[in-house]
Amino acid sequence: MTDNQTVQACTEAWTQSIESIVELVAPLPENSWNRATECPGWSVRDVVSHVIAVESELLGDPRPIHSLPRDLRHVTSEFARYIELPVDKRRCHTAPEMVGELEYTIIRRSRALRNAKQTPDELVPLPLGQDAPKVPYHQLLKTRAFDVWVHEQDLRRALDTPGNLDSPAAQIARDLLLSGLPKAVAHAAGAPAGTTLVVDVTGPLEFLRTVRVDASGRGSVDESISLAPDVQLTMDWETYVRLACGRGRPGPVTIDGDKELADRVLANFSVTP
């Protein structure tokens with residue numbers, strides 16, 4: 001896939017996922033907006049507020065003027081405070097206000113994406129404040145498709161409305177999450193040199209990958225089959241997503257091989273901030 005094709009594919013995946021969020025929350029009664037999600041401290045309203053806030057920042061909208069309370073237990077860093085401020089600002093908004101702002105933001109952002117002049121490799125800042133690192137434009141779009149899909153799934157679990165587990169954005173999420181797996185195994189879990197670990201994922205998005213730790217302790221992932229891995233982890237796709245995104249207690253994971261190493265890997269499986 002060329003970089004131009006990646007831009008188009010990521011834009012389409014983002015569109016499908018964020019419009020699915022609208023369809024999911026538009027009919028909700030007011031009290032359903034207060035349901036807790038697996039994002040610490042965040043309700044359904046808060047997750048939607050975060051999606052709106054990030055897309056608004058990409059549109060160049062000014063940050064809201066708001067004094068963030070200092071006693072929010074889930075806010076433990078300056079980065080978390082940055083993310084939380086526009087979320088807390090919207091905690092008094094009604095359901096119709098939330099849906100209206102989300103729909104209007106999508107209209108504006110979709111227009112901006114259609115009219116974008118950036119080349120796929122042009123460096124652009126991530127929506128993380130003034131000191132945000134810059135990444136190629138196609139990477140930004142990939143990250144946004146991933147982030148919106150993950151939050152769509154947060155909302156679906158909170159509202160008990162499963163769906164889109166094999167959508168175009170889900171496939172982007174799979175690739176991004178897998179790219180972080182070697183570091184989680186080799187460094188965070190401390191797997192020794194020579195280790196092979198197989199992840200066998202079932203369900204709507206099936207795949208099998210092997211992580212190998214080389215003599216220098218560096219991890220890599222590929223699609224080849226290892227006949228006698230040190231560890232094999234078997235789980236369904238939604239469990240993989242929840243583990244890799246640090247979401248709550250996951251579903252069942254079948255462990256074959258070195259259980260102590262497997263437990264270390266599972267304890268360090270999250271690859272998202």
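Q: Which exposed residues does the face of α9 turned away from its buried side carry?
A: In this predicted model, helix α9 covers residues 259-267. L261, A262, V265 and L266 of this helix are buried. The opposite face, turned away from that buried side, carries the exposed residues E260 and A267.

Q: Within what arc do the buried residues of α9 fall, seen down the axis?
A: The buried residues of α9 are L261, A262, V265 and L266. They line one face of the helix, because their directions, seen down the axis of α9, fall within an arc of 135°.

Q: How are α2 and α3 oriented where they pack, roughly parallel or roughly perpendicular?
A: Helix α2 spans residues 44-58 and helix α3 spans residues 78-89, and their axes are 8 Å apart. The angle at which they pack is about 110°. Angles of 65 to 115 degrees count as roughly perpendicular, so the orientation of α2 to α3 is roughly perpendicular.

Q: How many nonpolar residues does the contact of α2 with α3 have?
A: Helix α2 contributes D46, S49, H50, A53 and E57 to the contact, and helix α3 contributes Y82, I83, P86 and V87. By class, 2 of the contact residues are polar and 2 are charged, while the number of nonpolar residues is 5.

Q: Which residues is S32 in contact with, leaving aside its neighbours within four places in sequence?
A: S32 is found in the loop between α1 (3-25) and α2. With a relative accessible area of 8%, S32 is buried. Apart from neighbours within four places in sequence, its contacts are V44 and L159.

Q: What is the length of the polar contact that joins the side chains of R157 and E38?
A: R157 is found in helix α5 (residues 137-159) and counts as partly exposed, at 22% relative accessibility. Leaving aside neighbours within four places in sequence, R157 is in contact with E38, E238, R242 and R247. The side chains of R157 and E38 are joined by a polar contact of 2.9 Å.

Q: How far apart in space are S270 and R247, C-alpha to C-alpha?
A: S270 lies in the segment after α9 and is partly exposed, with a relative accessible area of 35%. Beyond its neighbours within four places in sequence, S270 is in contact with L243, A244, C245 and G246. S270 and R247 are 23 residues apart in sequence, and their C-alpha separation in space is 8.5 Å.

Q: Is D160 buried or exposed?
A: D160 is found in the loop between α5 and α6 (168-179). Its phi is near 55°, a positive value in a residue other than glycine. The relative accessible area of D160 is 65%, and exposed means over 50%, so D160 is exposed.

Q: Is N164 buried or exposed?
A: N164 is found in the loop between α5 and α6, and its phi is near 60°, a positive value in a residue other than glycine. The relative accessible area of N164 is 19%. Buried means under 20%, so N164 is buried.

Key: Residues are numbered from 1 along each chain as its sequence is written. This is a predicted model: local features need pLDDT of at least 70, side-chain atom pairs count only at pLDDT 80 or more; totals for chains, interfaces and linings use all residues. Side-chain values use heavy atoms; hydrogens and water are left out. Buried means under 20% relative accessible area, exposed over 50%, partly exposed in between (1.4 Å probe, protein chains only). Helices (H or I, at least four residues) and strands (E, at least two) are DSSP runs, numbered from the N terminus. The arc is that of the directions from the helix axis to the C-beta atoms. Axes are lines fitted to C-alpha atoms, for helices over the stretch in contact, and angles run from 0 to 180 degrees between N-to-C directions. Angles under 35 degrees count as roughly parallel, over 145 as roughly antiparallel, 65 to 115 as roughly perpendicular and the rest as oblique. Contact means heavy atoms within 4.5 Å. Ala, Val, Leu, Ile, Met, Phe, Trp, Tyr, Cys and Pro count as nonpolar, Asp, Glu, Lys and Arg as charged, and the others, Gly among them, as polar. A polar contact is a pair of N or O atoms within 3.5 Å; within protein, one must be able to donate a hydrogen and the other to accept it, and residues adjacent in sequence count only if both atoms are side-chain atoms.
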